[in-house]
Amino acid sequence: MSATGIGARVVRKEDHRFITGKGRYVDDINRPGQSHAYFVRSPHAHATIKSVDASEALKKPGVLAVFTGADIAADKIGGLICGWMIHSKDGSPMKAGAHPALAQGKARYVGDHVAVVIAETLAQARDGAEAVVVDYEELPPLPDMTLATAKGAAAIHAEAPDNIVYNWHLGDKAATDAAFAKAKHVTKLDIVNNRLVPNAMEPRAAIGEYDDGDGVFTLYTTSQNPHVARLVLSAFIGIAPENKLRVIAPDVGGGFGSKIFIYAEETICVWAAKKVGRPVKWTADRTEEFLAVAHGRDHLTHAELALDGDNRILGMRVSTKANLGAYLSTFASSVPTYLYAPLLSGQYNIPSIYCEVDGVYTTTAPVDAYRGAGRPEATYVVERLIEVAARERRMDPTAFREMNFVRQFPHQTPVIMMYDAGNYPLALKTAMDMHDVKTFAQRRSESERRGKLRGLGYSAYIEACGIAPSAAVGSLGAGVGLWESAEVRVNPIGTVEVLTGSHAHGQGHETTFAQVVADRLGIPIENVSIVHGDTDKVQMGMGTYGSRSGAVGISAIVKALDKVVAKGKKVASHVLEASEGDIEFKDGQFQVKGTDKKAGFGDIALQAYIAHKFNGQELEPGLKEGAFYDPTNFTFPAGVHICELEIDPSTGATEIKKWTAVDDFGNVINPMIVEGQVHGGIAQGVGQALAEQAVYDKSGQLLTASYMDYCMPRADDLPSFEIGMITTPAPSNPLGLKGCGEAGAIAAPPAVINAITDALGHEDIAMPATPQAVWRACQKRPSRLAAE
Amino acid sequence: MYAFDYIKATSLDQAAKLLSEKEEAKLLAGGHTLLPTMKQRLAAPGVLVDLSGVSDLRGIAREGDAVVIGAMTPHGEVATSAVVRAAIPSLAELASVIGDPAVRHRGTIGGSVANNDPAADYPAACLALGATIVTNKRSVAADDFFTGLFETALEDGEIVAKVSFPIPDKMGYAKFRNPASRYALVGVCVAQKGSTARVAVTGAGSNGVFRWKEAEAAFATFDPASLEKLTMSPAGINGDIHADAEYRAHLIGVMARRATAKALGKRL
């Protein structure tokens with residue numbers, strides 16, 4: 001392994017720019033003649049919009065225009081779309097209501113975009129927005145699923161009269177019922193997966209621009225997938241044809257899924273730029289982010305696990321209600337269905353699984369993918385069920401897991417997935433050794449002497465990454481393919497630009513992607529530049545989400561690099577006067593087999609461009625290759641996390657004392673960056689388990705609309721993590737990569753709650769386990785001895 | 001933020017004059033509550049009178065049996081003051097756990113007591129220590145100063161000039177933070193001087209900071225054990241999404257015992 005190659009802890013190339021304030025985010029960009037947009041948002045959870053009167057606003061200084069849903073309709077601007085078709089059990093398509101970029105007739109959540117004011121300055125736009133008079137007639141607020149699905153509840157969208165978007169299911173119901181019928185023991189749990197607000201450090205922002213000279217729109221936007229944004233804005237919303245619409249996603253400060261989606265605000269900025277003849281800029285303030293960014297999670301689940309007399313799992317039954325919010329966001333429908341239920345087999349051999357999911361409209365912000373997207377929800381169900389089942393059967397939870405682990409690969413689960421590689425017992429054993437589980441009892445006694453309750457919790461998670469084989473997801477309803485693209489441009493002196501369809505918003509692609517290229521071509525890492533985030537520069541790509549940039553994005557680069565090397569061999573055969581089949585490429589040198597005749601990569605690149613040594617009709621000059629990589633399977637990162645914590649029963653405060661994570665991400669390009677991803681993921685998972693929760697009151701107002709009330713995890717809430725890795729390379733991936741971006745957020749919540757319930761001696765606590773919730777749980781008598 | 005006029009006062013008299021002359025004038029004494037509120041357009045003073053240029057208002061001095069802190073003294077200065085640390089170390093510690101470093105560098109004691117946020121730390125210290133709030137017009141005992149949520153005895157045109165803290169024999173402050181905002185969910189300040197003890201509670205009262213007189217009376221001896229049998233009724237205690245009244249009332253007892261233990265140099 002070289003100092004900068006695959007497997008090396010290369011310091012992130014992009015960090016100099018970020019930590020010295022030289023990053024260039026959307027809000028850093030200012031265009032000549034720029035105006036500012038401010039949105040008039042609904043103060044009501046559910047209301048008919050009887051009229052919008054902009055006359056006073058238009059008289060305010062600096063106000064250039066006020067637009068409403070009527071203007072959008074007049075320009076035939078289409079609504080925001082949901083790109084994944086889910087069918088109900090009865091085969092009927094999901095009942096999706098329209099999602100106009102500015103409300104038409106109704107507002108459906110607090111923060112819904114009702115009108116936009118465009119002015120010379122942001123302050124003037126805000127003044128204008130305050131002068132817009134909207135006549136609302138309030139309708140019943142339906143801020144939770146119980147209210148929204150109650151008999152006689154008002155319909156949020158006419159298309160879904162009972163506010164149910166779909167009744168979906170997966171698995172074999174009859175086989176699962178039969179398994180339960182012969183079970184010796186059934187474990188049952190009611191589970192709440194709390195609603196979260198993604199909190200990227202950079203709020204969403206957009207600048208729309210229209211060049212009247214050539215009729216081209218440009219949108220600068222905080223996107224994880226600028227090409228998908230262009231596709232949707234062009235093909236569905238109808239801003240402009242793709243060749244007349246450029247989308248730029250420059251440096252983006254975190255996304256966690258929330259910047260996958262195509263939102264109203266950027267749609268309006270780019271559309272309005274032509275209307276007002278000026279660039280239009282909008283940057284969300286933090287309150288707007290809380291109100292109107294797509295939220296995450298929000299499931300209510302009843303789950304059951306059937307065991308035989310030997311405590312082997314026979315079957316699992318899961319029934320989930322998923323809150324989808326007031327409108328279907330871009331991938332909302334897929335998150336609680338195909339990104340959720342196929343992961344319910346966990347790391348276990350479960351012969352039968354049946355899962356039903358109701359997608360529910362409520363008068364809340366749309367809910368969509370958030371770090372892990374469906375997989376944290378599934379893992380929480382599985383790992384809570386497993387832990388509780390072990391406790392009920394008075395088995396050691398690790399022994400119970402051991403005896404039910406999948407050990408043979410490939411393994412076909414009853415819920416679509418075919419696991420291709422893994423070593424679950426090894427991850428568990430490694431984690432237990434690293435954590436020193438053997439001496440936990442002593443640590444617990446020591447805590448007890450100080451009046452504290454100590455608990456230990458496991459989470460053996462699996463996730464499906466490398467999303468995804470296009471035909472497979474197409475058959476499940478996806479509106480797009482989930483391949484990735486790359487173009488490798490070799491310059492005449494042998495430096496390289498790689499244009500990738502992936503997008504980095506904190507992940508360190510400029511480093512890891514360059515490591516692969518430098519390693520493969522045998523050139524210095526400084527000679528490699530990674531280009532992304534601009535539809536005018538980069539060929540169509542699918543973007544970054546679902547831990548796919550390594551497994552899919554890099555695979556496309558590798559495929560293109562293989563083509564570059566193949567072409568290089570052709571050029572080298574002329575330069576070195578040997579047959580193409582005799583040319584080997586190794587460590588940056590093209591060499592004639594068995595001789596000392598060789599030429600460096602840069603020399604061959606130059607020869608490819610000057611084209612003196614070969615016939616340009618027989619061999620094309622130049623050295624530039626592109627590739628599209630479509631995965632053949634998902635990849636299955638898996639691992640074991642162990643959380644050890646201490647509860648102060650007098651206050652309910654929980655302190656995490658020790659955290660061990662052993663992950664199997666397949667092969668790893670940069671262990672330092674991977675560890676960083678694990679750290680961040682655990683922090684977000686701990687946030688979900690202990691702190692974070694979006695709360696709407698009965699009237700549909702968001703009570704947690706600032707950091708005064710929405711609790712984010714902080715550094716002092718977390719211990720120093722012990723990170724270990726085992727490696728089973730992904731058989732379907734050219735580099736054996738699996739993906740690591742979401743693992744921590746998927747693994748952590750059940751590890752925390754299993755530890756808390758271990759400390760409490762009963763299972764009666766929901767996320768987030770805030771001090772108040774834990775204190776209250778401490779008042780309840782343990783149903784079992786904690787030391788059992 | 002709406003437009004406003006900004007005037008940097010150079011003397012307390014000038015500030016008082018501006019405050020009484022200009023309608024919609026507000027004092028700026030650090031601004032860690034006022035400025036965020038203005039940015040959110042929830043407050044719109046026409047004039048901001050900045051007190052940071054009034055040099056008389058800043059400083060810490062030992063005056064007899066009291067520590068006197070100028071109104072414009074930032075929390076960070078109190079936290080690190082040799083005078084405070086020698087005379088009332090627990091007061092320095094209380095100042096050191098207000099907000100975060102940015103807040104402690106800009107936020108001032110005068111701003112804090114005049115604002116009387118129901119979750120602020122200083123009002124608890126003022127009540128427990130029996131402080132006197134000295135304004136440009138008069139001296140007001142802390143017991144008479146804090147009158148309700150964000151309400152004080154300050155009259156129109158009256159400005160806090162300094163706060164005088166009698167030096168106790170012992171003082172302890174224990175705070176349980178709101179997990180989100182890190183303000184006091186419950187903060188209890190306990191002080192003992194001679195044969196009397198005073199217990200003040202912040203963060204919890206639905207009418208703001210208050211003295212827990214049952215606890216004061218329960219101190220047969222000044223130790224945590226004296227408070228063990230005491231329970232706080234949830235009536236009159238604040239409830240929100242972070243902590244209902246029952247939990248807050250419980251925490252008051254826990255924090256009172258911890259504050260007492262800290263005053264005695266123990267850990268509980």
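User: Where is Ala468(A) found?

Analyst: Ala468(A) sits in the loop between β18 (453-462) and α14 (470-475) of chain A. Helices (H or I, at least four residues) and strands (E, at least two) are DSSP runs, numbered from the N terminus. This is a predicted model: local features need pLDDT of at least 70, side-chain atom pairs count only at pLDDT 80 or more, and totals for chains, interfaces and linings use all residues. Residues are numbered from 1 along each chain as its sequence is written, chains are lettered from A and ligands numbered from 1 in the order written, and side-chain values use heavy atoms, without hydrogens and water.

User: What is the omega of the cis peptide bond between Ile467(A) and Ala468(A)?

Analyst: Omega is about -5° there. The bond from Met767(A) to Pro768(A) is also cis, with omega near -5°. Pro768(A) lies in the loop between α19 (743-760) and α20 of chain A.

User: What makes the phi of Asn163(A) worth a look?

Analyst: Asn163(A) is not a glycine, yet its phi is positive, about 65°. Most residues other than glycine have a negative phi, and most peptide bonds are trans. Asn163(A) belongs to the loop between α5 (145-148) and β7 (164-171) of chain A.

User: Why is the pair Asp251(A) and Arg17(A) called a salt bridge?

Analyst: The rule wants a side-chain nitrogen of Lys or Arg within 4 Å of a carboxyl oxygen of Asp or Glu. The closest N and O atoms of Asp251(A) and Arg17(A) are 2.7 Å apart, so the pair qualifies. The partners are 234 residues apart: Arg17(A) is in helix α1 (residues 15-19), Asp251(A) in the loop between β11 (245-248) and α8 (264-276). Over all chains, the count is 65 salt bridges.

User: How do you know that chain A and chain B are in contact?

Analyst: Contact means heavy atoms within 4.5 Å. By that rule, 23 residues from chain A and 23 residues from chain B take part. There are 7 salt bridges between the chains. Asp648(A) and Arg258(B) form a salt bridge, N to O at 2.7 Å. On chain A's side, α4 (122-131) and α20 (771-779) each supply at least two residues. That side holds 10 nonpolar, 4 polar and 9 charged residues.

Conventions: Ala, Val, Leu, Ile, Met, Phe, Trp, Tyr, Cys and Pro count as nonpolar, Asp, Glu, Lys and Arg as charged, and the others, Gly among them, as polar.
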